[in-house]
Amino acid sequence: MPGKVLVLLMCLLLHLGSASGYKHVVFVHGLLAGPSEFDYFIQLIQEYHPGTPVTNVDFFTYGCSFANIWKQVEDIAAELKPVLTNETAEGTVLICFSQGGVICRGLLATVPHNVVTFISLSAPLAGQYGVINSFPWIPKFFKNVFGHLIYMLFYTSIGQKCFSLANYWNDPHHRNLYRKHSSFLAVINNETKQIDPRSQEFKDNFLRVQNIVLVGGPDDGVISPWQSSQFATYDDEETVVPMNEQEKSILSTLCSTLT
């Protein structure tokens, strides 16, 4: 975490703006967490950039963070709308951790925002596949069974409606089911079998971002694969395919001109 804190602080110092007009900083917490997750970061901002406006999202905390991702995006977007759409402001720095990064992808795709910099901290931006490795008390057998069989629940209408993790579960062995049933990640990635009517809106809004900072590393212990924090995915042999080696990368799919 100290390394991530340093990276975050450097990014903030570069992007907050001058004393005459600081950018608004918005924090979005991760799965099974709450706004206290960013208390230390906020202290740093107050110390190095006093007067910077800060919003620390206090929605869908802890157990409630398992709610449907679209529901979270919609409610948080409604709460943040005065900040994200303020055309007279200096802009917004959006800082999102873990599942919060997935939620922020939804915000960036659906809101005609003023976000100047999107900072993603260990977020499964290209999806999750596998059980959290940082929980040693979970038997390996259970992890294997969960990882290989949970798609039977996650790729159903009930799974997509009730579990946030299902909304960005990206099983490399069941790509057709992912493209057919994923109601969030496949939709905003423009990976569904039929183009979503909102795809052009998603593209236009996403391209309003001026800077993207992706933070993640092999010591993560939560995101699987950890390279998902940088838009990498598994192939059907569970080999990590970096974004720049993908036949059609997520970002290129999202940002390409739709016809």
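The conversation below sets computed values against the definitions behind the terms.

Mentor: Please keep in mind that this is a predicted model. The chain has 12 helices and seven strands, and buried residues make up 51% of its 259 residues.

Trainee: What makes Asp-75 and Lys-71 a salt bridge?

Mentor: The definition asks for a side-chain nitrogen of Lys or Arg within 4 Å of a carboxyl oxygen of Asp or Glu. In the pair Asp-75 and Lys-71, the closest N and O atoms are 3.2 Å apart. That distance is within 4 Å, so the pair qualifies. In general, side chains of opposite charge can pair when their charged atoms come close.

Trainee: Where do Asp-75 and Lys-71 lie?

Mentor: Both belong to helix 3 (residues 69-84), where they are four residues apart, about one turn of the helix.

Trainee: Why is Asp-75 called partly exposed?

Mentor: Buried means under 20% relative accessible area and exposed means over 50%, with partly exposed in between. Asp-75 has 24% relative accessibility, so it counts as partly exposed. Lys-71, at 41%, counts as partly exposed by the same cut-offs.

Trainee: How many salt bridges does a search of the whole structure find?

Mentor: The search finds three. Another of them joins the side chains of Arg-175 and Glu-191, with 3.4 Å from N to O. Arg-175 lies in helix 9 (residues 175-181) and Glu-191 in the loop between helix 10 (185-188) and helix 11, so this pair ties together parts that are 16 residues apart in sequence.

Trainee: Is Glu-191 buried or exposed?

Mentor: Glu-191 has 18% relative accessibility, which is under 20%, and therefore it counts as buried.

Trainee: What makes Asp-196 and Arg-198 a salt bridge?

Mentor: Their side chains meet at 2.9 Å, N to O, and this value is within the 4 Å cut-off, so the term applies. Asp-196 is buried, because its relative accessible area of 15% is under 20%. Arg-198, with 33%, is partly exposed.

Trainee: Why is helix 4 called roughly perpendicular to helix 11?

Mentor: Two packed helices are described by the angle between their axes and the distance between the axes. The axes of helix 4 (residues 99-110) and helix 11 (residues 199-206) come within 6 Å and cross at roughly 100°. That makes helix 4 roughly perpendicular to helix 11, because angles of 65 to 115 degrees count as roughly perpendicular.

Trainee: Which residues of helix 4 and helix 11 meet?

Mentor: Leu-108, Ala-109 and Thr-110 in helix 4 meet Glu-201, Phe-202, Asn-205 and Phe-206 in helix 11.

Trainee: How do you know that Val-145 can belong to a nonpolar surface patch?

Mentor: A patch residue needs over 30% relative accessible area. Val-145, found in helix 5 (residues 140-149), has 31% and is partly exposed, so it passes that cut-off. With Leu-149 and Met-152, Val-145 makes a nonpolar patch of about 260 Å².

Trainee: Why is Asp-39 called partly exposed?

Mentor: Asp-39 lies in helix 2 (residues 39-48). Its relative accessible area is 40%, and this value falls between 20% and 50%, so Asp-39 is partly exposed. Asp-39 and Asn-56 are 17 residues apart in sequence, with 8.9 Å between their C-alpha atoms.

Terms used:
Residues numbered from 1 in each chain as written. Predicted model: local features only at pLDDT ≥ 70, side-chain atom pairs only at ≥ 80, totals over all residues. Heavy atoms only, no water. Patch = residues over 30% accessible without salt bridge, like charges linked within 9 Å, V, L, I, M, F, W, Y side chains within 5 Å. Areas by Shrake-Rupley, 256 points an atom, 1.4 Å probe, with all protein chains shown as cover. Helix = DSSP H or I, 4+ residues; strand = E, 2+ residues; numbered from the N terminus. Buried < 20%, exposed > 50% of the residue type's maximum accessible area, 1.4 Å probe, protein only. Axes fitted to C-alpha atoms, helices over the stretch in contact; angles between N-to-C directions. Parallel < 35°, antiparallel > 145°, perpendicular 65-115°, else oblique. Contact = heavy atoms within 4.5 Å.
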